[in-house]
Amino acid sequence: MSKLLAAKVDRIKDYIKEMGQLAVSAIRDGVESFAKLDQELAARVVAEDAKLDELDAMIESECIRAIAQFQPVATDVRRLSAYLKAITDLRRIGRYGYDTALLTQRMKGLEHFKRLVKIPEMARITIEMTQQAIDALINEKDENTLKSLMDQDDVVDDAMEELFREVLTYAIEDPRRITVAMYYTLVARYLERAEDHAVSIGWHSHYMLTGRRRFR
Amino acid sequence: MGNAEEGVETMKTGNALRKGRSWLRLPKSRREFLDRAAYVSLGFVAVLLTLPFFAIILDVIVKGLPGLTPTLIWESIRNLGREGGIRNAIVGSVELVVIASGVALPISIGAAVYTTEYSRQGRLHQIVEFTADVLAGVPSIVFGAFGYVFFVWLLRAFTGGATLLSGALTLSLMMIPTVLRTSQESLRAVPITLREASLALGATKWSTTWRVTIRACFPAIVTGILLAVARIAGETAPLIWTTGYNSDTPWSIFDAVASLPFTIFTFAMHPDPVVNAKAYAASIVLILIVLSVDVVANWVSRRVGILVRKG
Amino acid sequence: MEAKVEIKALNAWYGDFHVLKNINLQILPYTVTAVMGPSGCGKTTLIRILNRLCDLVPDFHMTGRVLVDRRDIFDPDVDVYQLRREVGFVFQKPNPFPMSIYDNVAYGPRTHGIHGETQFNKIVRRSLQQAALWDEVRHRLAEPAMKLSGGQQQRLCLARALAVEPVLLLMDEPVAFLDPISAQKIEELVMILKKRYTIIMVTHNVQQALRVSDWAAFLYLGELVEFGKTSSIAETPADPRTEAFLTGRFG
């Protein structure tokens with residue numbers, strides 16, 4: 001691609017990295033605030049969410065301008081298309097962190113009935129998947145990223161199933177736990193959706209590199 | 001910017017832009033002196049160049065105008081020039097030019113078309129160009145001598161000796177190199193893309209050559225022809241030994257013929273001053289004829305050239 | 001659908017220079033095919049073979065077969081003048097004849113034996129209409145063609161080619177010398193013309209090729225590197241050389 005377009009793409013990549021970091025922080029801090037019932041942290045997560053909207057709009061605008069200005073084709077246009085779709089996924093990932101923080105706020109006055117194990121683990125995997133997906137998108141290397149993401153997707157899906165059953169057991173034992181139990185399932189659901197979006201980013205990367213929308 | 005304003009100031013007060021006779025001002029530097037000197041001396045040379053032209057024209061007009069009477073044009077020569085006019089010479093010149101052209105033009109233009117459109121850069125091509133270039137530089141007296149030996153003597157059975165035919169053929173030899181070369185250059189100047197356009201429409205080579213290529217450079221070819229005509233109209237040397245003498249207009253090409261340049265020559269050499277005066281008058285006629293052909297050539301080349309070149 | 005043009009195992013040389021290497025190509029009727037590639041890749045040579053203009057070049061020779069409407073155009077029985085009527089050509093630099101607009105358009109038909117003023121009038125009108133030039137020049141058909149603007153001259157050349165009713169229209173970088181607005185007009189014309197003619201267009205301009213064509217052929221150093229539907233090549237070219245060319249890594 002031309003040097004001008006390359007310069008523009010580099011700028012867009014920087015913004016995407018920034019947006020990725022924000023999304024990842026939202027998940028990390030949102031889950032941490034939930035685990036520790038840290039209201040201050042939750043409040044911060046809620047406040048930071050607006051930045052994700054801003055970045056989303058800005059990156060979209062930059063991509064559209066690049067398309068209008070350069071009329072790119074082949075890899076160049078696939079790349080920009082991938083970015084446009086990836087930022088939607090990143091926006092959702094960050095949103096789920098925000099949603100988790102909202103749940104923390106709802107937990108005010110409530111307490112956990114067990115030590116959280118699966119949720120932090122799911123969060124860890126989700127964060128790792130997101131970072132992996134963004135790396136692949138920015139650095140444009142395949143290296144079986146998609147396969148790896150799909151495997152981790154399965155792990156998280158399984159974890160969510162297990163958590164659901166476990167929490168159900170606790171709730172049946174003591175009906176007073178039902179509210180908190182439902183919050184646990186919600187958080188697990190958010191994390192599962194978030195990592196689905198990370199996989200989606202992986203698919204966009206794949207399309208960018210190969211032009212195919214199916215695997216291999 | 002400050003500099004620009006200063007510059008404007010300087011220009012306002014400086015010498016260079018004062019209106020009027022800048023060349024009268026003293027030069028401010030050695031460079032300017034040389035520049036001015038060159039300008040002046042070149043101008044001087046240019047003026048000098050035109051002096052002979054004006055000198056000749058004036059001389060001829062002054063001495064010839066009195067003799068320029070209708071009789072001169074209308075009547076033929078009588079009494080070896082002491083009486084009568086030069087009608088036979090005028091008509092004779094026209095006949096010579098027409099027949100010479102009639103012979104030279106098809107040959108030259110045909111050869112030009114062949115060498116530029118049809119033949120490859122081969123031997124024949126080079127030979128034709130080389131001989132044409134050489135012939136173009138041969139002095140006219142040599143043509144006259146050759147014409148005498150070849151047409152008047154060697155081919156006397158065919159030409160009848162010193163006749164209109166011999167003279168015309170000699171003149172045509174002089175025309176051929178000029179017309180050939182100018183036609184070649186004109187044809188070559190036509191962009192290849194025009195020929196390609198014609199061929200791409202399914203036209204044959206000949207059709208293309210005739211309807212596009214020649215047509216595109218037609219004014220240039222015509223100009224070349226007219227210039228060649230103007231040249232031979234005024235030639236004397238080729239005609240001296242090849243045309244013979246005729247006090248009237250010949251009715252057959254196998255008769256002798258009088259011509260303007262030759263007549264002027266003989267009148268000028270004549271002991272009788274009355275006849276000498278007629279030479280000047282005849283000169284005016286010849287100059288006028290040649291000049292008008294040149295003017296027409298110029299007009300043709302410019303007028304139609306605009307149509308062709310525009311765009 | 002039957003191919004309009006089939007090129008089979010075409011190899012061509014200018015003297016010792018191997019300009020086209022084993023080209024195999026099929027052009028479908030009523031489509032626009034763009035032939036692209038960097039300078040010197042052989043694209044102009046390729047289309048000049050299709051109307052046998054290559055015959056004019058002294059040390060040109062080739063092997064392989066070229067079929068138009070299933071007939072071998074190099075067959076000794078073929079009337080090359082008739083072939084050139086059926087295969088129209090528009091050149092890179094507009095080259096109208098130094099004649100009137102009318103005579104330019106009538107030149108082709110006249111060459112091929114059409115006569116009669118009514119006939120010519122009809123043909124001239126129809127051809128100029130197809131080239132979207134009629135309205136601009138209908139009142140000045142007798143004016144010299146050279147007075148027209150560049151864009152108009154090129155449309156005139158197009159009308160001239162269409163006047164002999166070709167089936168295949170070849171265009172060699174037709175807008176290379178035109179301003180953007182004229183260029184756009186001609187591109188729009190091409191989109192309309194393809195309903196009646198099969199068009200092959202050589203172009204340097206990637207954007208134009210992608211805009212205008214249905215099929216795209218990419219030539220590099222005499223080889224046909226890739227040939228396919230324009231839209232899919234624009235999204236995902238199969239060959240890295242095509243990719244490099246499209247993304248401007250070499251011009």
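Q: Is C:Cys157 buried or exposed in this predicted model?
A: The model is predicted, so local features need pLDDT of at least 70 and side-chain atom pairs count only at pLDDT 80 or more, while totals for chains, interfaces and linings use all residues. Side-chain values use heavy atoms without hydrogens or water, residues are numbered from 1 along each chain as its sequence is written, and chains are lettered from A and ligands numbered from 1 in the order in which they are written. Buried means under 20% relative accessible area, exposed over 50% and partly exposed in between (1.4 Å probe, protein chains only). Because its relative accessibility is 3%, C:Cys157 counts as buried.

Q: How many disulfides does the rule find over all chains?
A: A disulfide is a pair of cysteine sulfur atoms within 2.5 Å. The sulfur of C:Cys157 is too far for a bond, because the closest cysteine sulfur, in B:Cys217, is 19 Å away. Over all chains the count comes to zero.

Q: Which residue of chain A forms a salt bridge with C:Glu235?
A: A salt bridge is a side-chain nitrogen of Lys or Arg within 4 Å of a carboxyl oxygen of Asp or Glu, and the rule finds one across the interface of chain C and chain A. With the closest N and O atoms 3.7 Å apart, the partner of C:Glu235 is A:Arg213.

Q: What area do chain C and chain A bury between them?
A: Buried area is the accessible area (1.4 Å probe) that two parts lose on being put together, summed over both. Of the area buried between chain C and chain A, 44% is on carbon and sulfur atoms, and the total is about 810 Å².
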